[in-house]
Amino acid sequence: MNKITNISAFFLLIFAIWLYYNAPDQMDARFISISLWICLLSFLYYFLSAFRLFKYRYYIIPSSLFVIGYLIVGCQNYLLYCLGYNPLAHRYDLVWQSGRTVCMSSVLIAIGLLMFSAGYAMINKQPPKETTPNCVTNSGLQYYPAMFCVTVISFIIYLLSVSKDFWTGTYATEANSSLANFSYLIFWVTSICSCVIKQYSFYKNPDSKISIKAYVKSTGLWLSGMMFFVACGALISGDRGPFMNLALAYFGIYIIRRRFNIAVWAVAIIIAAFFFSFIGILRLAPDERLYDRIAHAATIQKQKAEMNSPLEGTQELANSIMCLHIITQEIPENYDYYYGWNFFYNGIAGLVPGLRTFLSNFVYTREPYNSSDYLITYLGLGPAMPYGLGTQIIADYYLDGGLIAVTLMMFLTGMSFAYMDKIITSNTYNLYFVTISLVFMIYAIYLSRGSFIIPMRFAFFCLLFLFLFRDRKKKGEELISNQPELHP
């Protein structure tokens, strides 16, 4: 069965590549619908590969969150167009671009999901072995006292240095000082590390039905309170990112180990989609009192509901497809590929303080900008750039090497997520591997509207903090377990 599936996927890839080079010059709903059918088959390919995890109710895992975000960003606007709807897209002209650009982009989305599924299937081709919980000693996984001190200090500095407007319901993250942004980064990284360390107990008994109250107590009331306070403050200002990230960092391991049924997650996802859509509208409301902004946002939400546009709750996320359209419109016709410079400059070089500045000033630079997000904003809005358009994962890969880079990098992305799924659902506990997996899970659903570089950078910082602040274990004590086996 696996052999037949893989051969079918190969011929489907050949067909998709042929479509890419034969895209029509005008908008063609039939052509885009073919791309959507390839996406559907690619999703089924992924689903079959991950079914053994879903069968044991591991629904919320890094790969599933990534695929959900990818389908929203990569397929929603195309689907609405093929169904005859006129998507209520913010910056509508930027979302669609030319007909050929849209058709080529739809095929790139299909190829990306197909290669992700192929990479995922390659790692999960062997069925898991039956295992019993293999617990490691708790002696080396105690809460790191020094890291807790850093968390508290960074929390206090953040409260003292953050903009006052931020706490009064104004979306003013750009008004924060460098000290506030740096202290938040330290607080964010140490909080993730602390959550992973404190949640070790869930790997003692993977089938534990521990209550929320017991979970909060085991995580620590001080850590829980600080994370809750910062998350709510960000939510009041209209910034959904920190709230969602902190929530996943805090509850990530809990929701995986509890393994709620699919009905619970379906309801939760629907509620979350409309809730975060409302927060997004709140962020765009005039800078008034919080009560007035909520009333303004409610009015806009009601107007949108009356327009009977489906999938409105995820429309803002879906509009990130504009980033791919802008890149395929301009690359390589007007600007050359970056040939890996974007990934190296923002990923590898970004890990070393000051290295990017040195490279851009004395070694090499790409005009007009070194990174994909700045280039996309420049191409879409011009040199003035009143706001940022961000980036998109396929656009990021395409900028570095076109179709070849998309094919190769999405295959490797699929392999990476397959490894992370195995690690985070396993019976044994590897502190460093679980940290990496949790970081990517936190960013997974928004990764399709961003860059693979972002979670990679945060994972590096988390590993660095774990190494610097690790407890000095006694001789013979085991800090980390062996490579984990998959728990069915």
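**View 1. Ile-445 and its contacts.** Leaving aside neighbours within four places in sequence, Ile-445 is in contact with Leu-65, Phe-66, Ile-68, Gly-69 and Met-244. The model shown here is predicted. Ile-445 is found in helix 19. Its relative accessible area is 17%, and Ile-445 is buried. The cut-off for buried is under 20%, so 17% qualifies. Phe-66 sits 379 residues away from Ile-445 along the chain, yet their C-alpha atoms are separated by 4.7 Å.

**View 2. Phe-66 in the largest nonpolar core.** The largest nonpolar core holds 121 residues. Phe-66, Ile-109, Trp-188, Ile-394, Met-410 and Phe-417 touch the most other members. Which residues does Phe-66 touch, not counting residues up to four places away in sequence? They are Phe-116, Ile-393, Met-410, Phe-417, Ala-444, Ile-445, Leu-447 and Ser-448. Ile-445 is the residue of the previous view, where Phe-66 is among its contacts.

**View 3. Ser-437, another part of helix 19.** Helix 19 covers residues 431-447, and Ser-437 lies in it. Ser-437 is buried, with a relative accessible area of 0%. With neighbours within four places in sequence left aside, Ser-437 is in contact with Pro-62, Met-420, Ile-423 and Ile-424.

**View 4. The salt bridge between Arg-100 and Asp-25.** How many salt bridges does a search of the whole structure find? It finds 1. Arg-100 forms a salt bridge with Asp-25, and their closest N and O atoms are 3.9 Å apart. The pair links distant parts of the chain, 75 residues apart. Arg-100 is in helix 5 (residues 99-123), while Asp-25 is in the loop between helix 1 and helix 2 (29-54). Arg-100 is partly exposed, at 29% relative accessible area. Asp-25 counts as exposed, at 55% relative accessibility.

**View 5. Other residues around Arg-100.** The place of Arg-100 is in helix 5. Leaving aside neighbours within four places in sequence, Arg-100 is in contact with Tyr-21, Ala-23, Pro-24 and Asp-25. Asp-25 is also the salt-bridge partner of Arg-100. Tyr-20 is 80 residues from Arg-100 in sequence. In space the two are 9.9 Å apart, C-alpha to C-alpha.

View 6. Which residues make the nonpolar surface patch of about 420 Å²? Ile-7, Phe-10, Phe-11 and Ile-14 make it. Ile-7 has its place in helix 1, which covers residues 2-21. Ile-7 is partly exposed, with a relative accessible area of 43%.

View 7. A disulfide is a covalent bond between the sulfur atoms of two cysteines. A search of the whole structure finds 0 disulfides. The cut-off for a disulfide is within 2.5 Å. Cys-462 is buried, with a relative accessible area of 0%. Cys-323 also counts as buried, at 0% relative accessibility.

View 8. Is the peptide bond from Ile-331 to Pro-332 cis or trans? The bond is cis, with omega near 0°. Pro-332 lies in a loop. The loop is between helix 14 (321-330) and helix 15 (341-348).

**View 9. Asp-373 in helix 17.** Helix 17 covers residues 372-381 and includes Asp-373. Asp-373 counts as partly exposed, at 31% relative accessibility. Not counting residues up to four places away in sequence, Asp-373 touches Gly-390 and Thr-391. Asp-373 and Thr-391 are 18 residues apart in sequence. Their C-alpha atoms are 4.8 Å apart in space.

**View 10. The whole chain, for orientation.** The protein chain has 20 helices and 0 strands. Buried residues make up 52% of its 488 residues. Among contacts with a separation of 6 or more, 80% join residues 24 or more positions apart. The chain exposes about 22300 Å². Carbon and sulfur atoms supply 66% of that area.

Note on methods: Residues numbered from 1 in each chain as written. Predicted model: local features only at pLDDT ≥ 70, side-chain atom pairs only at ≥ 80, totals over all residues. Heavy atoms only, no water. Patch = residues over 30% accessible without salt bridge, like charges linked within 9 Å, V, L, I, M, F, W, Y side chains within 5 Å. Areas by Shrake-Rupley, 256 points an atom, 1.4 Å probe, with all protein chains shown as cover. Salt bridge = Lys/Arg side-chain N within 4 Å of Asp/Glu carboxyl O. Helix = DSSP H or I, 4+ residues; strand = E, 2+ residues; numbered from the N terminus. Buried < 20%, exposed > 50% of the residue type's maximum accessible area, 1.4 Å probe, protein only. Core = buried A, V, L, I, M, F, W, Y, C linked by side-chain atoms within 4.5 Å. Contact = heavy atoms within 4.5 Å.
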